[in-house]
Amino acid sequence: VREKVNRNLDEYNIAAIRNLLKAAFTADTLWRFCQERADFRPILYEIGRNASQAEMIDVLTQYCQTQLLFDDLLLAVREDNPRQYERHQARLGGGSAATRKAVQPPPLTPDLRLATERYLAHLVDRYRYLDFKGMGVSDRVPLRLPLVELYVPLKARIEMPEGETWARKLHLAGRAVSEAEAEAIAHRLSEPVPAIDLLQEHDGLIVLGDPGAGKTTFLKYLALRQAMGQGEALGLGVRLPVLLPLSAYANALEVQDVPLHRFIGEYYRDRGVDLPLAAILDQALAEGGALLLLDGLDEVQDLAQRHLVVKRVVDFFTFHRQTGNKFILTSRIVGYREVRPVSEGLAECTLVDFDDGEIELFVDKWTGALERAARGDTPVAAQEAAREREELLAAVGRNPGVRRLAANPLLLTILALMK
């Protein structure tokens, strides 16, 4: 056994590992790194809170030698600071963190399983009903209209190889695409396909679209269906959904360079979700069962901050896609080109307007849900829904200007509310 241990330790370049730790952490961040991971927490009992960076590295590397934890250490550093890990990777030795498949995580503890169930219940409560906030309509807002019942699947065009072109007559949000927007989305797009199909095919999907195109609602819909246990029906499998506005992450990065996975737990805790979401997410990521829904890159106003957010997200994606996790990032088209991320496994698509069939489907769902909410599931409600459906479709069809507006999901919703 001793011979085997010595041979395993000889595989590692401990001096290179020390250099990696020195480059990746300050004394404070290394303390937090160990504090957040049960495998390394014991070293904190051996040193004081005011220990220097060098003292902490000494104790940590000695501990990993005696406990045979270098594999776990390198994997954890790679997750926490992928940039420094990649810079030092060739000299680290061992090979496990760089080339071996990660060890399967232990099953959820009963406490963590219960916390996961509470988190999913929170998502159901949060996203079950359509959000009318900001639409300027109040008379029917008290009616709770189920998002799943009303949702009309979005279609998108994915960027195609050179030589494939898309029609210049394409409209977004009821208007013609400008030259700048055409250039920004590379002017090479496919025929529209359901956006959910694109997510099935790719580890990561960037969803571009104009205001009101349905980007945020798409993310809420995915989070809700997963939280309701309906991920298999979406073709995505059972996954832990986590929805995060990127503007909040950008604000945090202005204060300190916090890793994305650590910020997610802090974000939800600050909003009253008193659950160990960081631990829940770590487990899901390790199992390849997370669905990260990152919303509103365009809402990061400062260009330098937007670049930093994209870099952190790409680092996170590049590492965690390896175990099968999936990611979506949304942005408006304008302002995207300057920070356009490039990574293996990451696809890019642009949402397109509702066509006549999708407008009719939305109106049918809308009038039915509205009358059921007001009158119950009764014959009278069905009759009223049919009458309102015909009136609303007639109002859209007889006015070309209204028809153009109705192609945008948000504007169509406002038209329906006004009716």
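In the predicted model, Phe263 counts as buried, with a relative accessibility of 7%. Tyr249 is likewise buried, at a relative accessible area of 0%. A pair of aromatic rings is described by the distance of the centres and the angle of the planes. In total, 11 aromatic pairs were counted. For Tyr249 and Phe263 the ring centres lie 5.4 Å apart and the planes meet at 40°, so this pair is classed as tilted. The pair joins distant parts of the chain, with Tyr249 in helix 13 (residues 246-255) and Phe263 in helix 14 (residues 260-270), 14 residues apart. Both residues belong to one aromatic cluster, whose members are Tyr119, Tyr249, Phe263, Tyr267 and Tyr268.

A further pair is formed by Phe317 and Phe327, both of which are buried. Their ring centres are 5.2 Å apart and their planes stand at 85°; since an angle over 60 degrees counts as edge-to-face, the pair falls in that class. This pair also links distant parts of the chain, namely helix 16, which holds Phe317, and strand 8, which holds Phe327, at a separation of 10 residues.

Two or more lining residues come from each of strand 5 (204-208), helix 16 (303-320) and strand 8 (326-331). Helix 16 contributes the most, with 4 residues. The lining consists of 12 nonpolar residues and 1 polar residue, with no charged residue.

Definitions and conventions. Residues numbered from 1 in each chain as written. Predicted model: local features only at pLDDT ≥ 70, side-chain atom pairs only at ≥ 80, totals over all residues. Heavy atoms only, no water. Nonpolar A, V, L, I, M, F, W, Y, C, P; charged D, E, K, R; others polar. Phe/Tyr/Trp six-rings, centres within 6.5 Å; stacked < 30°, edge-to-face > 60°. Buried < 20%, exposed > 50% of the residue type's maximum accessible area, 1.4 Å probe, protein only.
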